Amino acid sequence: MLNFIFKEKTENYKKQMRPLEDLETYQIRTQETIILINGDNEISLSFTFDIYYVWDYFYHLRHFNFKTDCNDDLKPYIKNFIENNYFDKSVFDDYP
């Protein structure tokens, strides 16, 4: 069983979020770095993260340029974990 836990994460995208006016759109692109723990193993990972969002809180996420020091067997699981768990959707709560 693969259970990943975030040990460290930069969350640079949060520093670029801002409120939007009606009908406004905004795009963020950041380089993110994290360390995951899987059992006794630490896995370093970096990737580029895009957020495109619209004033009514519709958003689209994109992750690419994954670079990691883990073996090839783990890469698809790590990528899936990051895509499903990295972005904190509550960040929109700060921007009514």
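Predicted model: local features only at pLDDT ≥ 70, side-chain atom pairs only at ≥ 80, totals over all residues.
Residues are numbered from 1 along each chain as its sequence is written, and side-chain values use heavy atoms, with hydrogens and water left out.

Taken along the principal axes, the C-alpha atoms fill a box of roughly 45 × 20 × 20 Å. Of the 96 residues in the protein chain, 35% are buried, where buried means under 20% relative accessible area, exposed means over 50%, and partly exposed lies in between (1.4 Å probe, protein chains only). The chain exposes about 6,200 Å², of which carbon and sulfur atoms supply 48%; accessible areas come from the Shrake-Rupley method with a 1.4 Å probe, and for residues only the protein chains shown count as cover. Contact means heavy atoms within 4.5 Å. Among contacts between residues at least 6 apart in sequence, 55% join residues at least 24 apart.

Strands count as paired if DSSP finds at least two bridges between them. Strand E2 (residues 25-38) pairs with E3 in the antiparallel sense over 14 bridges, and Glu 32 stands opposite Phe 47 in E3. The hairpin formed by E2 and E3 has 2 residues between the strands, and Gly 39 in the turn has a positive phi of about 65 degrees. Strand E4 (residues 59-68) also runs antiparallel to E3, joined to it by 8 bridges. Here Tyr 53 has Tyr 59 in E4 as its bridge partner. The hairpin of E3 and E4 has 4 residues between the strands, and Tyr 57 takes a positive phi near 75 degrees. In a regular strand, side chains alternate between the two faces of the sheet.

Aromatic rings form another set of links. A pair of such rings is described by the distance of the centres and the angle of the planes. Rings of Phe, Tyr and Trp (its six-membered ring) pair if their centres lie within 6.5 Å; planes under 30 degrees apart count as stacked, over 60 as edge-to-face and the rest as tilted. By this rule there are 13 aromatic pairs. One of them is the tilted pair of Tyr 13 and Phe 87, with 5.3 Å centre to centre and 45 degrees between the planes. Tyr 13 lies in helix H1 (residues 13-16) and Phe 87 in the segment after helix H2 (75-85), so the pair ties together parts that are 74 residues apart in sequence. Tyr 13 is buried at a relative accessible area of 0%, and Phe 87 is buried at 7%.

Tyr 26 and Tyr 53 form an edge-to-face pair, because their ring centres are 5.8 Å apart and their planes stand at 85 degrees. This pair links distant parts of the chain, with Tyr 26 in strand E2 and Tyr 53 in strand E3, 27 residues apart. Tyr 26 is partly exposed at 22%, whereas Tyr 53 is buried at 3%. One aromatic cluster includes Tyr 13, Phe 47, Tyr 59 and Phe 87.

Three residues complete the picture. Glu 11, in the loop between strand E1 (5-9) and H1, is buried at 17% relative accessibility. Not counting residues up to four places away in sequence, Glu 11 touches Glu 32 and Tyr 86. Thr 30 lies in strand E2 and is buried, with a relative accessible area of 4%. Leaving aside neighbours within four places in sequence, the contacts of Thr 30 include Tyr 13 and Phe 47. Lys 9 belongs to strand E1 and is partly exposed at 34% relative accessibility. With residues up to four places away again not counted, Lys 9 touches Thr 33, Ile 34 and Tyr 86. Lys 9 and Leu 36 are 27 residues apart in sequence, and their C-alpha atoms are 8.6 Å apart in space.
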